[in-house]
Amino acid sequence: MAATLHGRCFLGMSFQVICVLATLVLFANADKGDTGIGQPRFTYIERYLVKIVYGKGENRTLYICCKTRFPQDHVLAKFSCGVLSKSMCPQFKIFSRCKTRGQQVYCEANGVHNRVTLEAYVAWFDGNTTVPLSDVATYVTNQSEIVPKSVSDVKIATNSQQGLEIRWTKYEYFYIDAEKYEYLIDCQPRENQRAKAFRKSVGITDSFLVTDSKNITAVCKYRCCVQVVNLVNSQPSEPTCRNITTSEQAPSAGPVISCANGTVPCPSVIKGTKRNITIPFELPSPEHQNGKIISHEVYYRSVVSRNFTKLVINGSQTEAVIMDAETGMSYYVFMKSCTEIGCSPISNTIRIPAVSLYQKAQHTFVTLAVPVGITVVVVVILVAIGCFFRRQYQHRRQKTLPTLNP
């Protein structure tokens with residue numbers, strides 16, 4: 001009986017111990033897994049300098065614990081990164097204090113040579129020892145994979161051709177092969193999703209780029225970035241960016257005249273040998289206006305003239321009226337839309353046919369004949385109805401008269 005009780009107590013205590021240990025393990029793993037850090041990622045950004053990036057995850061000062069392993073024949077085989085601190089990083093060395101950078105945290109390791117193996121993890125120091133917050137990551141430095149810092153400064157301005165002039169201050173990349181690197185300039189619209197994007201690569205020895213107005217959208221907010229790209233592994237550096245709003249341009253497409261196209265004639269008001277002709281038109285589409293349309297230029301001439309007459313109307317209008325045109329003369333018409341910078345390409349050219357005096361008289365005759373004819377028909381019908389009722393009346397009267405005997 002005592003043995004049975006003793007066995008039950010032992011099993012009960014063992015079960016409690018297992019539960020406590022399991023709970024501790026779960027808490028430890030949960031604390032490690034919920035940080036959002038994951039494994040560190042390495043980038044060799046220049047000779048002797050490695051960048052280590054990881055998810056932020058912790059609102060406190062974090063450290064990198066690291067080891068460096070050199071080949072046996074390496075001149076720095078006994079070198080280790082960071083400052084020795086056994087209490088903070090057991091079996092590792094403290095690497096550097098980390099800094100907040102956007103949504104990520106990064107550290108830079110100095111004194112890292114080519115063909116060196118790095119092992120590192122992210123940790124938090126609680127005052128006595130470090131608490132690991134990530135798995136250990138391994139990276140072997142390779143000089144051909146260096147992705148250097150981009151540029152120290154970028155300046156952007158619009159030029160006289162309404163394009164962009166992008167200039168940057170370079171770092172001196174004395175430790176890399178210039179043929180294996182290039183600059184990537186990338187300008188993306190910030191709000192207008194229909195605007196043009198611009199992207200171009202230039203040599204690592206260049207320090208400026210001038211774009212054409214055809215490559216960008218006028219009056220648009222852009223974010224332009226400069227990066228260095230390693231052509232061996234296609235890895236870009238972190239970008240250095242600036243914002244700019246592009247200036248107005250001349251419209252890149254003309255208006256569209258919507259009459260005299262074979263089906264819809266241009267409205268005319270005829271006054272004897274003169275007429276006023278209305279020219280309706282559609283504005284250039286919004287993506288081609290390139291600014292505020294302040295005016296329209298309408299050009300017209302008769303078929304017997306060599307010179308066009310220019311008519312300027314307000315930019316808000318969508319109709320133009322050619323006054324006192326010859327009734328018996330045909331006309332050619334085209335137009336342009338203009339911003340403060342300049343005018344668009346010409347619109348479609350239309351031909352407005354002449355209206356002869358015979359056509360005008362015939363039109364007038366038809367116009368008068370229709371109502372007169374209707375009036376005559378109505379009168380005839382009324383007369384016929386009157387005659388019908390009169391005959392009916394006389395017939396009834398004859399029936400009602402008495403017969404007189406002699």
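Q: Is threonine 217 buried or exposed?
A: This is a predicted model. In it, threonine 217 has a relative accessible area of 12%, and buried means under 20%, so threonine 217 is buried.

Q: Where does threonine 217 sit in the chain?
A: Threonine 217 is in the loop between β14 (208-210) and β15 (221-230).

Q: What lies 2.8 Å from a polar atom of its side chain?
A: The backbone nitrogen of lysine 196 is at that distance from the threonine 217 side chain.

Q: And which residues is threonine 217 in contact with, leaving aside neighbours within four places in sequence?
A: Ala195, Lys196, Tyr222 and Thr246.

Q: Another loop, then. Where is glutamine 249, and is glutamine 249 buried or exposed?
A: Glutamine 249 is in the loop between β17 (240-245) and β18 (256-257). Its relative accessibility is 8%, so glutamine 249 counts as buried.

Q: Which backbone oxygens lie 3.5 Å from its side chain?
A: The backbone oxygen of glutamine 162 lies 3.5 Å from a polar atom of the glutamine 249 side chain. That side chain also reaches the backbone oxygen of serine 213, at 3.5 Å.

Q: What does glutamine 249 touch, not counting residues up to four places away?
A: Gln162 and Ser213 are among them, along with Ile216, Ala218, Gln289, Asn290, Thr339 and Ile341.

Q: Step back. How many helices and strands are there in the protein chain?
A: Three helices and 25 strands. The protein chain has 406 residues, and 35% of them are buried.

Q: What share of the contacts with a separation of 6 or more is between residues 24 or more positions apart?
A: 65% in the protein chain.

Q: How many residues are in the largest nonpolar core?
A: The largest nonpolar core has 34 residues, and Ile166, Trp168 and Tyr183 have the most contacts inside it. Domain 1 (38-76 + 93-143) and domain 2 (155-246) both contribute residues, so this core lies between them.

Q: What about a second core?
A: There is a separate one of 17 residues, including Cys266, Phe281, Val333 and Ile350.

Q: Now strand β20. How many of its residues are buried?
A: Strand β20 (residues 274-282) has nine residues, and seven are buried.

Q: What does β20 pair with?
A: β18 is joined to β20 by two antiparallel bridges, with isoleucine 257 opposite phenylalanine 281. Strand β19 (residues 268-271) is joined to β20 by four bridges, again antiparallel, and serine 268 has isoleucine 277 as its bridge partner. Six antiparallel bridges join β20 to strand β23 (residues 319-326), where the partner of arginine 275 is alanine 325.

Q: What happens at glycine 272 in the hairpin of β19 and β20?
A: The hairpin has two residues between the strands, and glycine 272 takes a positive phi near 70°.

Q: Last topic, the open sheet of four strands. What is the strand order?
A: The order is β22-β21-β24-β25, with antiparallel pairing. β22 (309-314) and β25 (350-352) are at the edges with a single partner strand each, so one side of each is left without a neighbour in the sheet. The twist averages 30° from one strand to the next.

Q: How many bridges are there between β24 and β25?
A: Three bridges, in the antiparallel sense, with β24 covering residues 331-338. Valine 333 stands opposite isoleucine 350 in β25, and the second core includes both Val333 and Ile350.

Technical notes
Residues numbered from 1 in each chain as written. Predicted model: local features only at pLDDT ≥ 70, side-chain atom pairs only at ≥ 80, totals over all residues. Heavy atoms only, no water. Buried < 20%, exposed > 50% of the residue type's maximum accessible area, 1.4 Å probe, protein only. Polar contact = N/O pair within 3.5 Å; in protein donor to acceptor, adjacent residues only side chain to side chain. Contact = heavy atoms within 4.5 Å. Core = buried A, V, L, I, M, F, W, Y, C linked by side-chain atoms within 4.5 Å. Domains from an automatic or database assignment. Pairing = 2+ DSSP bridges. Axes fitted to C-alpha atoms, helices over the stretch in contact; angles between N-to-C directions.
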